[in-house]
Amino acid sequence: MSASRLWAGGPSVPLVTAMNADESINYDALAKQTVRLAKAGLGIVLLGTNGEASHLSNEERRKCTVVVRKALDDNGFKDEPLLVGTGSGSAETTITVTKEAAEAGATHSIVITPGYFSFAMGRDRKAIKDFFKKVFDNSPIPVMIYNFPGAAAGIDLNSDEINELADHPNCFGVKLTCAMIGKGHRIAAYTQSEEFLAKRASNLKNQTVTGQFQVLPGFSESTLPALLSRHTGCITGTGNAIPKTIRKLWDASVAGLKGDANALAEALKLQDRVAEADWTIVKAGIPGTKYFLDHYVEEGLGGPARLPIGSITDDVKKLIEVDLKEAWEYEQSL
């Protein structure tokens, strides 16, 4: 992999997929949102849960990747990596989608545990690990594990299982949307150990900027405590709404934990702010996140979500308009 497109760590954002009123994809808006977030200093994650990837056809997923890669390349971000969600219902289909994503411009892949057969897989832990190992073996790009029980019919990988999978040379990290910092700490402690690095250091240097295995919470509400607990960044849907605030929180947290007392005090205040905004975004869901973009940033950047995700309700609109008003005003001041 080109040294200029290694995964940088730090804060990144899973883009929402902008849509028109008829639920077709608004590719122009997707490109515009990509550039906005890249300029704010966040890494770009495409076609995750926020991107409604499971509601898109393979061709739509391919085109989204082409559009976002071109948007980055045409706007001064040719050296930026692109992490693309390529999870599908089986190992074979996941491998196919991953190869298509790589051809379309993805530099890294993130794969969720398939949940359709959770009634069988949830009890067969070897089958879950074999799924990931087969994907790792056949992916042309480095793969991140995506552990999100809520989107995988309750299947939750534990730290022992993730540490075993981390030994594979084509696995470069894990996103933990299980909201368990302790689990992340155990994974980070192992993957930053001499034992692990003796096996993985050489090829991790060709996958990530720091040469570290990436351990990333799926929320920004825990950025500061997660960083203290050895995590290497975060992937946060709230970054769609307040990317500059997220970036500022990360930078202040890093400086503060290196001994800058003033930066640490600022990070604590920013974490207070972001924790509240993150919780509001969680309550508002994907329709609320899209409405935030349409209401505050630019009409058309979000649009509707595809069924069976419900349409935006008046209560959720009020939540965005009232509870996130101050967060947006602060974002604009940066």
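How many bridges join strand β1 to strand β2? Three bridges do so, linking residues 10–14 of β1 to residues 43–46 of β2. The two strands run parallel. Keep in mind that this model is predicted.

## The sheet

Strands of a sheet pair through backbone hydrogen bonds, either parallel or antiparallel. Here the sheet is open and has eight strands, and the pairing is parallel. Trace the order across it: β7-β6-β5-β4-β3-β2-β1-β8. The edge strands are β7 (214–217) and β8 (233–235), and each of them pairs on one side only. From one strand to the next, the twist averages 20°.

Now look again at β1 and β2, which sit side by side in the strand order. Val13 stands opposite Ile44 in β2.

## A helix across two strands

Helix α6 covers residues 159–166. It lies across β5 (143–147) and β6 (171–176). Its direction is at about 155° to that of β6.

## Two packed helices

Two packed helices are described by the angle between their axes and the distance between the axes. Take helix α3 (residues 91–104) and helix α5 (residues 125–138). They pack at an angle of about 30°, and their axes are 9 Å apart. Angles under 35 degrees count as roughly parallel, so α3 is roughly parallel to α5. The crossing of α3 past α5 is right-handed.

Which residues make the contact between α3 and α5? From α3 come Ala91, Glu92, Thr94, Ile95 and Lys99. From α5 come Phe131, Lys134, Val135 and Asn138. Sorted by class, this contact has four nonpolar, two polar and three charged residues.

## Backbone features in the loops

Two residues in the loop between β2 and α2 (58–74) deserve a look: Leu47 and Glu52. Leu47 has a phi near 65°, a positive value in a residue other than glycine. Glu52 is not a glycine either, yet its phi is positive, at about 55°.

Are these residues buried or exposed? Buried means under 20% relative accessible area. Leu47 has 3% relative accessibility, so it counts as buried. Glu52 is also at 3%, so Glu52 counts as buried too.

Pro308 is found in the loop between α11 (261–297) and α12 (314–323).

How values were computed
Residues numbered from 1 in each chain as written. Predicted model: local features only at pLDDT ≥ 70, side-chain atom pairs only at ≥ 80, totals over all residues. Heavy atoms only, no water. Pairing = 2+ DSSP bridges. Helix = DSSP H or I, 4+ residues; strand = E, 2+ residues; numbered from the N terminus. Axes fitted to C-alpha atoms, helices over the stretch in contact; angles between N-to-C directions. Contact = heavy atoms within 4.5 Å. Parallel < 35°, antiparallel > 145°, perpendicular 65-115°, else oblique. Left-handed = near helix turned anticlockwise from the far one by under 90°. Nonpolar A, V, L, I, M, F, W, Y, C, P; charged D, E, K, R; others polar. Buried < 20%, exposed > 50% of the residue type's maximum accessible area, 1.4 Å probe, protein only.
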